[in-house]
Amino acid sequence: MARLVLDNITKSFGTVQVINGIDLAIAHREFVVFVGPSGCGKSTMLRMIAGLESVSGGRIVIGDRDVTHVAPSKREIAMVFQSYALFPHLTVAENIGFGLRLANTPKAEIDRQVGEVARTLQIEQLLERKPRHLSGGQRQRVAIGRSIIRNPKVFLFDEPLSNLDASLRVQMRLEIARLHQRLDATMVYVTHDQTEAMSLADRIVVFNAGRIEQVGTPIELYEKPANTFVAGFIGAPSMNFIEARIDSSGGAPIARFGPASIPLADAERRFQPGGVTLGVRPEHILIAEGRTPDFTATVEIVEKLGAESLVYLQTGFSPDPVTMRVSPEHPVKPGDSLPLCLDQNRVHCFASDGAAI
Amino acid sequence: MERETGVWRLVFLALPLGVFTVLVIWPLASSFYYSFTNWNGFSDNFEFVGFSNFNKLWTDKLFFNAAVNTAIWMVAAVLIPTLLGLGLALLIDSRIPGGPVFKSIFYFPICLSAVVVGQIWIWIYQPDWGLLNVAIGAVTGSSPDFAWLAKPDTALGSVIAAWAWQHTGLAMVIYLAGLTSIPEDLLEVCEIEGASTWQRLRVVIIPLLTPATVVVVALNVINSLKGFEILYIMTGGGPFNSSDTLAMHMYNESFKKYLMGYGSAISVVLFIVALTIIGIYFRELKKVDEIYG
């Protein structure tokens, strides 16, 4: 069983603490994605799991073994780097079989295992080439091959697709998902791309400033963000934030912003009168056709993406443009004034400290 | 417009091309020309002698002695600073205490002229009070008075040691730059794969230092081909021609025996050797470039 436990992990560089008490349990065969903005500590955390970075405090357990102070090569992990980290002077076959060669494995056995991995990754025809003569996607396959051949308990991926172009990234994402289905291994994957996180993860861990903001399935994070940071980070385009005031004078709480007001009818949520931030996903802003609009807004820019169009709106109550999705057939154009209403059941409320209400 | 640009290009290139022609092309062409004559270096009266100067090379024992010495000199003058430079760079890169200070100390000799280096080492090799004999005496408890530069068996080796002392620092600095350019994640792969220090060195670091090695070897080859001053200062090619190289032999034939035609023929041979080595270098450089970009 290759479960991975991070127990109160801290990391300091001099007097600067960059990881602040991370607690996380990752189950056997689980695919967990660490996501967060640059400098949030996600890669440092991954490197600590790999043993490439020392731990200032806490414990790392892989399987049933405390590996906090164990050398990287003894942790039964494999790591795929953003830069691929392929040896330029070695052929693809030599790169994949690098670890076996170091372990003085007989050549015939190396060839057999390399051939097997190459077949799995469909790179048999590349085995005699040098990395310089490979495309980005092929190089990443070779790097993955080198990690597969180790037969590790835990795979670690450090932004492996960041250097690839958009279409190749989608293709490789699919291949990594397939690989996870096929291999009996736990995977930890670091990315700053939330789309990658959403599409690959069993669970996503959102990092910010060396802390975990929220852990959950992609849908949990999308539908029930714990705070404005997660709400803003997960989802593309990101959630719209609208400053509002709660008015409970009439009994049921009402959120007022600009000329608009919407009832907040969720009985589970306890609203205090005062300022709040409303969070509305772009798909939850609707054109009020045959309904009384909550507000009107002027179309500033329309981005036609094919499957949908993104409309950026100027409103009287938000300094930033508000984004909404519309069907690509909708004849909306810049300068139009649109009557809009919010899907009241899908409006998120955040307190002044950013926490979800 | 294009024509005007072309004219300006010629104007700007004229001066450097002129200097290059006067200082390089003209002497080179003259050497080729005089190698087919019996010119003594002074007289206006000389004759074309065809290939007789080149034919003479085959029967000149001193030429063969110089060629062998040149081969020894070049191999040693390339290998020793290269290997020592690599060793020192690896040592300093491993962050030993005082690394930056050692780096400066080891680099210092390359800033000195060959004449100064030669004189320093003449003193070091001095039989009665030279540092080397004094140091050997201190270790062995004897009073050696070995004349390192006056014995045919040790003269060339002694000059090679002085040469290596001067040129190791340059190799070290180039290797240090090479070491810093090795991507950190490649070394991290070694860590994850469990490579021992020796495996890391043999399988990863030394191959990845190939571009640096190409530069170091090229510089050492070029410098060793030009290595005339230090031999001239320390031994003058002696004793009994034991440290005579082709460059030294050419000098002696041209300027001491006044056989400028024959000296020119030796210089042509030296030029062809240098050209061959440079040709090989460029071919290898292309291969390295294909792998390492």
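This is a predicted model: local features need pLDDT of at least 70, side-chain atom pairs count only at pLDDT 80 or more; totals for chains, interfaces and linings use all residues.
Buried area is the accessible area that two parts lose on being put together, summed over both.

**Entry 1: chain A as a whole**

I began with the overall build of chain A. I counted 9 helices and 20 strands in chain A. Its C-alpha trace spans about 80 × 45 × 35 Å along the principal axes. Chain A has 357 residues, and 53% of them count as buried.

Next I looked up the domain division. Chain A splits into domain 1, residues 4-233, and domain 2, residues 240-350. The contact between them draws on 8 residues of domain 1 and 7 residues of domain 2. Over C-alpha atoms, the centres of the two domains of chain A are 39 Å apart.

How much area do domain 1 and domain 2 of chain A bury between them? I noted about 650 Å², with 57% of it on carbon and sulfur atoms. Which three residues of domain 1 supply more of its buried area than any other three? They are Tyr222(A), Thr228(A) and Ala231(A), which together give 67% of what domain 1 of chain A buries against domain 2.

The rule finds 1 salt bridge across it. Glu223(A) and Arg346(A) meet in a salt bridge through their side chains, at 3.8 Å from N to O. I call that a salt bridge because the cut-off is 4 Å between the nitrogen and the carboxyl oxygen. The interface of the two domains also holds 3 residue pairs in polar contact, both partners at pLDDT 80 or more. On the domain 1 side, the elements of chain A giving two or more residues are helix 8 (218-223) and helix 9 (228-233). By type, the residues on that side of domain 1 are 4 nonpolar, 3 polar and 1 charged.

Most residues other than glycine have a negative phi, and most peptide bonds are trans.

- Ala236(A) and Pro237(A) are joined by a cis peptide bond, with omega about -5°. Pro237(A) sits in the loop between helix 9 and strand 11 (240-247) of chain A.
- Glu76(A), not a glycine, has a positive phi of about 60°. I found Glu76(A) in the loop between strand 5 (65-66) and strand 6 (77-80) of chain A.
- Glu159(A) has a positive phi too, near 45°. Glu159(A) lies in the loop between strand 7 (154-158) and helix 6 (166-182) of chain A.

Are these two glutamates buried or exposed? Glu76(A) counts as partly exposed at 37% relative accessibility, while Glu159(A) counts as buried at 9%.

**Entry 2: chain B against chain A**

I turned to the interface between the chains. The contact involves 20 residues of chain B and 23 residues of chain A. About 2000 Å² is buried between chain B and chain A, and carbon and sulfur atoms give 65% of that.

I count 2 salt bridges between the chains. Arg150(A) forms a salt bridge with Glu193(B), with the closest N and O atoms 3.0 Å apart.

Which elements of chain B give two or more residues to the side touching chain A? I listed helix 8 (184-193), helix 9 (197-208) and helix 13 (260-292). Helix 8 of chain B provides the largest share, 8 residues. That side of chain B divides into 11 nonpolar, 3 polar and 6 charged residues.

Ser224(B) belongs to helix 10 (residues 210-225) of chain B. Its relative accessible area is 2%, so Ser224(B) is buried. Beyond its close sequence neighbours, Ser224(B) contacts Trp73(B), Met74(B), Ala77(B), Val78(B) and Trp163(B).

Tyr262(B) is placed in helix 13 of chain B and is buried, with a relative accessible area of 2%. Its contacts outside four places in sequence include Asn53(B), Leu57(B), Phe63(B) and His249(B). A polar contact of 2.4 Å links the side chains of Tyr262(B) and Asp60(B).

Conventions:
Residues are numbered from 1 along each chain as its sequence is written. Chains are lettered from A and ligands numbered from 1 in the order in which they are written. Side-chain values use heavy atoms; hydrogens and water are left out. Domain bounds come from an automatic or database domain assignment. Contact means heavy atoms within 4.5 Å. Buried area is the accessible area (1.4 Å probe) that two parts lose on being put together, summed over both. A polar contact is a pair of N or O atoms within 3.5 Å; within protein, one must be able to donate a hydrogen and the other to accept it, and residues adjacent in sequence count only if both atoms are side-chain atoms. Helices (H or I, at least four residues) and strands (E, at least two) are DSSP runs, numbered from the N terminus. Ala, Val, Leu, Ile, Met, Phe, Trp, Tyr, Cys and Pro count as nonpolar, Asp, Glu, Lys and Arg as charged, and the others, Gly among them, as polar. Buried means under 20% relative accessible area, exposed over 50%, partly exposed in between (1.4 Å probe, protein chains only).
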